[in-house]
Amino acid sequence: MLTIYSDDHHLHHGAAELIDGTFKPCFEMPSRADMVLARARAVGLGDVISPVDFGLAPIRRVHSAGFVNFLQNAWSDWQALGRSHDMLPMTWPIRRLRDIEPGDIDGKLGFYSFDAGAPITAGTWQAITSSANVALTGQAELAKGARGVFSLCRPPGHHAAADYMGGYCYLNNAAIAAQAMLDLGAKRVAILDVDYHHGNGTQDIFYDRADVLFTSIHGHPSVEYPYF
């Protein structure tokens, strides 16, 4: 089986996330993808190739223009305030607050996120677009006739919706690949999410659509992340 992989994922390495009421080192780190790649090579899964750059058009087919623009410019907006540490939100637009994008970067951070578990770093934008290209390259190989492809995406994506990030996820790689398959003429696409946590972002993107079947095996949200 062909594996698609990019070293660009190393560019995203958050220092800390807010979990259990304290700041802790990010659980989602580069070594996770490195370990998976090493195992794929150890068992002789197949060739490993780099992704093709598909540009932003397939990403914009899934994610809102405002959200993509925020992600693309977040780090430079952060640096413009003299900040060089990781970006994390400190406030969110909870119920009864206006649903309007703020002009300030701190406001944007809260507007486009749902937790403090997705820090943005200097290399996050390149890492997440490369991850989306890994998924899209796998989709392209399937469209050319491959029976199966392993797209080794990092950062992951299933908690990211059309217009918000969270849970280590920024761009929804599976949703982007599914939409690309539909745009090539597929009638329906099925996504099976086997992560322990509910793929809320993928569900949010396709909930009102009949051309994508989303199924998720997960811990019950009444007692497990993402709770809502």
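Strand 1 (residues 2-4) and strand 5 are paired in parallel through 3 bridges; helices (H or I, at least four residues) and strands (E, at least two) are DSSP runs numbered from the N terminus, and two strands pair if DSSP finds at least two bridges between them. The model is predicted, so local features need pLDDT of at least 70 and side-chain atom pairs count only at pLDDT 80 or more, while totals for chains, interfaces and linings use all residues. Residues are numbered from 1 along each chain as its sequence is written, and side-chain values use heavy atoms, with hydrogens and water left out.

**Overall architecture**

- The protein chain contains 7 helices and 7 strands, arranged from the N terminus as β-β-β-α-β-α-α-α-α-β-α-β-α-β.
- The radius of gyration, taken over C-alpha atoms, is 17 Å, which agrees with the value near 17 Å for a compact globule of 228 residues; the globule rule is 2.2 Å times the number of residues to the power 0.38.
- The C-alpha trace spans about 50 × 40 × 35 Å along its principal axes.
- Of the contacts (heavy atoms within 4.5 Å) between residues at least 6 apart in sequence, 68% join residues at least 24 apart.

**Surface and charge**

- Buried residues account for 45% of the 228 residues; buried means under 20% relative accessible area, exposed over 50%, and partly exposed in between, with a 1.4 Å probe and protein chains only.
- The accessible surface (Shrake-Rupley method, 1.4 Å probe, with only the protein chains shown counting as cover for residues) is about 12,000 Å², and carbon and sulfur atoms contribute 56% of it.
- There are 17 positive and 24 negative side chains, with the centres of the two sets 4 Å apart; Lys and Arg count as positive and Asp and Glu as negative, while His and the chain ends are not counted. Each charge is placed at NZ of Lys, CZ of Arg, CG of Asp or CD of Glu.

- An open sheet of 3 strands has the order 4-1-5 with parallel pairing; strand 4 (48-49) and strand 5 (149-151) are its edge strands, each pairing on one side only.
- Leu2 has Val149 of strand 5 as its bridge partner.
- Glu141, in helix 5, is buried at a relative accessible area of 19%. Leaving aside residues up to four places away in sequence, Glu141 touches Leu2, Ile49, Ala146 and Val149.

**Helix 6 and strands 6 and 7**

- Helix 6 (residues 173-183) is mostly covered, with 8 of its 11 residues buried, among them Asn173, Ile176, Gln179 and Leu182.
- The buried residues of helix 6 pack against helix 2 (57-60), helix 5 (124-143), strand 6, helix 7 (200-206) and strand 7.
- After helix 6 comes Gly185, with a positive phi near 115 degrees.
- Strand 6 (residues 189-193) has Val189, Ile191 and Asp193 on its covered face, and Ala190 and Leu192 on its uncovered one.
- Strand 6 runs parallel to strand 7 (residues 212-216), to which 5 bridges join it; Leu192 stands opposite Thr215.

**Backbone exceptions**

- Most residues other than glycine have a negative phi, and most peptide bonds are trans.
- The Arg154 to Pro155 peptide bond is cis, with omega near 0 degrees; Pro155 lies in the loop between strand 5 and helix 6.
- Tyr225 and Pro226 are also joined by a cis peptide bond, with omega about 10 degrees, and Pro226 is in the segment after strand 7.
- Arg96, which is not a glycine, has a positive phi of about 75 degrees and is exposed, with a relative accessible area of 81%.
- Tyr227 has a positive phi near 70 degrees and is partly exposed, at 46% relative accessible area.
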